[in-house]
Amino acid sequence: MQGRPGHLLYLIDSGEVHSSRDRGVLQQLGSMGAGSFFGEVGSLTGIPSTTTIIADKDSEFRIIS
């Protein structure tokens, strides 16, 4: 979730997620499905997450710290 510390990498095993970012105006960044990955480069430097990820349906992830 935006503003919170994140993990280094998330791998989507199944399902679908949608990403957005709020910078005064909500920006829709797109959807990702199984086999996609996303991460938090900021976790390397302690910067909070810059996006919000919401599962559009039942989803399973692998989290790599």
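Predicted model: local features only at pLDDT ≥ 70, side-chain atom pairs only at ≥ 80, totals over all residues.

**Exercise 1. Find how many helices and how many strands the chain has, and write down their pattern along the sequence.**

Step 1: Count the elements. The chain has zero helices and six strands.
Step 2: Read along the sequence. The pattern is β-β-β-β-β-β.
Step 3: Look at the contacts between residues at least 6 apart in sequence. Of these, 66% join residues at least 24 apart.

**Exercise 2. Work out the strand order of the open three-stranded sheet, and say which strands stand at its edges.**

Step 1: Recall how a sheet is held together. Strands of a sheet pair through backbone hydrogen bonds, either parallel or antiparallel.
Step 2: Trace the order. This open sheet runs S4-S1-S6, and its pairing is antiparallel.
Step 3: Find the edges. S4 (37-39) and S6 each have a single partner strand, so one side of each has no neighbour in the sheet.
Step 4: From one strand to the next, it averages 25°.
Step 5: Count the bridges. S1 and S4 are joined by three, while S1 and S6 are joined by five.
Step 6: Pick out residues that face each other. Leucine 11 is opposite phenylalanine 37 in S4, and leucine 9 is opposite isoleucine 64 in S6.

**Exercise 3. Locate the salt bridge and explain which parts of the chain it ties together.**

Step 1: Count first. The model has one salt bridge.
Step 2: Name the partners. The side chains of arginine 62 and aspartate 13 meet with 2.9 Å from N to O, which is inside the cut-off of 4 Å.
Step 3: Place each partner. Arginine 62 belongs to strand S6 (residues 60-64) and aspartate 13 to strand S1 (residues 9-14), so the bridge ties together parts that are 49 residues apart in sequence.
Step 4: Check how open they are. Arginine 62 has a relative accessible area of 48% and is partly exposed. Aspartate 13, at 31%, is also partly exposed.

**Exercise 4. Is serine 19 buried or exposed, and which residue is its bridge partner in S3?**

Step 1: Find the residue. Serine 19 is part of strand S2 (residues 16-22).
Step 2: Compare its accessibility with the cut-off. Buried means under 20%, and serine 19 has 9%, so serine 19 counts as buried.
Step 3: Look across to S3. The bridge partner of serine 19 there is glycine 30, and seven bridges join the antiparallel strands S2 and S3.
Step 4: Follow the turn. S2 and S3 make a hairpin with three residues between them, and glycine 24 in the turn has a positive phi of about 90°.
Step 5: Look at another partner of S2. Four bridges join S2 to the antiparallel strand S5 (residues 52-55), where isoleucine 54 is opposite histidine 18.
Step 6: List contacts beyond four places in sequence. Serine 19 touches residues including Gln28, Leu29, Thr52 and Ile53.

**Exercise 5. Where is serine 36, and which residues does it touch beyond four places in sequence?**

Step 1: Serine 36 sits in the loop between strand S3 (26-33) and S4.
Step 2: With 24% relative accessibility, serine 36 is partly exposed.
Step 3: List the contacts. Leaving out residues up to four places away, serine 36 touches Tyr10, Leu11 and Ile12.
Step 4: Take one of these for a distance. The C-alpha atoms of serine 36 and leucine 11 are 6.1 Å apart, although 25 residues separate the two along the chain.

How values were computed:
Residues numbered from 1 in each chain as written. Heavy atoms only, no water. Helix = DSSP H or I, 4+ residues; strand = E, 2+ residues; numbered from the N terminus. Buried < 20%, exposed > 50% of the residue type's maximum accessible area, 1.4 Å probe, protein only. Pairing = 2+ DSSP bridges. Axes fitted to C-alpha atoms, helices over the stretch in contact; angles between N-to-C directions. Contact = heavy atoms within 4.5 Å.
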